[in-house]
Amino acid sequence: MISQYIYAMRGLCLILAAASFFGSSPALAGASGFNLVNATGANITSLSIRRFGTQAWQPLGGTPSAGARSQVDFSNVDCAFDIQATLAGGATAVWGGVNLCEVKSVTLNRNSATGENWVDYD
């Protein structure tokens, strides 16, 4: 009976230790500032961002011209976001499900002939 109690307490201690270790993991840090590279082939006149799966767009700083980059100061506990850009001439492009956790640079790409959008990460 006592050996079962000791065995159970040992298991509980291991579970609590693991929970405290993983609970403070830096992987849970979320999204932070990044460099935004404009590889769309057009100037970006405005940028917006929203958490993936939501509807509320928020303005996002930085509007790099074609081929340029700008630093974006951003912080959020989540990782997956949609980025929307208004391009010179009025076209709107959306990049869905962009992972902003643990990235230094996000390149927004666009094939103007097909309208296909994709993201490259550094």
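Here is a short chat about reading the sheet, the aromatic pair and the core in this predicted model.

Me: What should I know before I start?
Reply: Residues count from 1 along each chain as its sequence is written, and side-chain values use heavy atoms, leaving out hydrogens and water. Since the model is predicted, local features need pLDDT of at least 70 and side-chain atom pairs 80 or more, while totals for chains, interfaces and linings use all residues.

Me: In what order do the strands of the open sheet run?
Reply: Strands are DSSP runs (E, at least two residues), numbered from the N terminus, and two of them pair if DSSP finds at least two bridges between them. Here the order is β3-β2-β5-β6, with antiparallel pairing. β3 (58–59) and β6 (92–99) each have a single partner strand, so one side of each lacks a neighbour in the sheet.

Me: How many bridges join β2 and β5?
Reply: Seven, between residues 44–51 and 80–87. R50 sits opposite D82 in β5.

Me: Which residues form the aromatic pair?
Reply: Phe, Tyr and Trp rings (six-membered ring for Trp) pair with centres within 6.5 Å; planes under 30 degrees apart are stacked, over 60 edge-to-face, the rest tilted. F74 and F81 are edge-to-face, 5.2 Å centre to centre with 90° between planes. Both are buried (under 20% relative accessible area, 1.4 Å probe, protein chains only; exposed is over 50%, partly exposed in between).

Me: And how do I read the core?
Reply: Nonpolar side chains tend to be buried together in soluble globular proteins. A core joins buried Ala, Val, Leu, Ile, Met, Phe, Trp, Tyr and Cys through side-chain atoms within 4.5 Å. The largest has 22 residues, with F74 and W95 among those with the most contacts inside it. β5 gives the largest share, four residues.
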